[in-house]
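Please consider the sequence and the three-dimensional structure shown here. The explanation below should be read with both in view.

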Amino acid sequence: MFSDNQRQSWQNIKAPDGLFEKTAEALESVPTPQKRSFKRYAFPLIAASLLLIFASVFFIGKSNDAFVYVEGVAITDESTVFALEHLPAPLSRSTVVNSSITLNVQVNSETHLAVSDGYFEILSENGEILFSGEEYTIHSDAKIVWYYPTVEAEHRLYLDGKALNGAVRLVHSNETAERTLTFVKN
Amino acid sequence: MTENLDRRERLNLLFSKYSDLLYRIALVKLHNREDAEDAVQDTFIKYLSSPFTLYSDSEERAWLVRVLENRCLDILRRRSVRDYLPIDDMTDLATEDEVSQGVFEALSRLSEKYRTVILLHHLEGFSVDEISKALSLSKSAVKMRLSRGREELKTILEEGE
């Protein structure tokens, strides 16, 4: 692959001298993050932990349920139909996309997401894009926007996790202005 | 004031450890010195503005690369077509050194999908596990990209000889 000489030369590329000062100046205008004191958070933490234990006991045995939601509706092995809304999709990526759908993925273990077509973005609570691409592994619940091309009618979002293992099948129809979502278990 | 000093010291430490690495990655992804500087700066600020702590150097490095990747993606998304710099015009951006220019050009000709994993593994010494964490890919996906990327890079390097 690369020779030692090439690696050495590569390592000689350094960040510009002024970058540290520039970053330090910019950092001064950013508020200092809140330091979390244990005492302040102890009670809510204990309460949340207890709640989690109760919830885990309550939901035990139901771990095979689908935890993908669209507009608050759980996607199961029975097809669910949603009215089509043409949402503008970003044009900057090379993949041609002309529709999108927002899904909330609830997981309780590490789950790998991958799409058959297009790409997806993972959004934070305040709408910031945390990830954009074709595959990603999540460790907690995630809100995703999936951009897909409508030249093909059928698309899949693959989910590979302990509790959530299968694919969301999306059938897009411009004729009926609908899209149908079904969870297909592996 | 003390907090600012503290943050400046933390920045100093982080900067001495990771600034060159992050700058090289950003340069390959963005082909533009100013954008690469902005991406590196934003990455450090995001890290120092977060209330959480990472426990190992490996986790820290992977986290910084992941944030940088996303930041580069944002910059590319916002960049208009006229800002695009063809490869032929940008080989002298990285360095005066002919050898690293050759590496830079080879990486730039590599498919986007393989570029970062090849760069991290073969030039920056990341393990498969670290790349997996940094790019949120499974280890098998990293290995597959490395294998296919090597094949493609081999062809590029042979063409260049």
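This is a predicted model: local features need pLDDT of at least 70, side-chain atom pairs count only at pLDDT 80 or more; totals for chains, interfaces and linings use all residues.

Residues are numbered from 1 along each chain as its sequence is written, while chains are lettered from A and ligands numbered from 1 in the order in which they are written.

Helices (H or I, at least four residues) and strands (E, at least two) are DSSP runs, numbered from the N terminus, and two strands pair if DSSP finds at least two bridges between them. In chain A, 6 strands form an open sheet with antiparallel pairing, in the order β2-β1-β4-β9-β6-β7. At its edges stand β2 (73–74) and β7 (129–133) of chain A, each with a single partner strand, so one side of each is left without a neighbour in the sheet. Within chain A, β1 (residues 68–70) and β4 (residues 99–105) are joined by 2 bridges in the antiparallel sense; A:Y69 has A:N104 in β4(A) as its bridge partner.

A further antiparallel pairing, over 4 bridges, links β5 (residues 111–115) of chain A to β8(A). Here A:H112 stands opposite A:T137 of β8(A). Strand β8 (residues 135–138) of chain A has A:Y136 and A:I138 on its covered face, and A:E135 and A:T137 on its uncovered one. In a regular strand the side chains alternate between the two faces of the sheet.

The contact between the chains (C-beta atoms, placed from the backbone, within 7 Å) takes 36 residues from chain B and 34 residues from chain A. On the side of chain B that touches chain A, α1(B) gives the most, with 10 residues.

Helix α6 (residues 112–123) of chain B has 12 residues and reaches 16 Å from its first C-alpha to its last, close to the 16 Å expected (1.5 Å times one less than the number of residues). A residue is buried if 20 or more other C-beta atoms, placed from the backbone, lie within 10 Å of its own. Because 10 of the 12 residues of α6(B) are buried, this helix is largely enclosed by the rest of the structure. After α6(B) comes B:G125, with a positive phi near 75°.

Most residues other than glycine have a negative phi. B:H31, however, has a positive phi near 55°; this residue is found in the loop between α1 and α2 of chain B and is buried, with 23 other C-beta atoms within 10 Å.

Technical notes:
Two residues are in contact if their C-beta atoms, placed from the backbone, lie within 7 Å.
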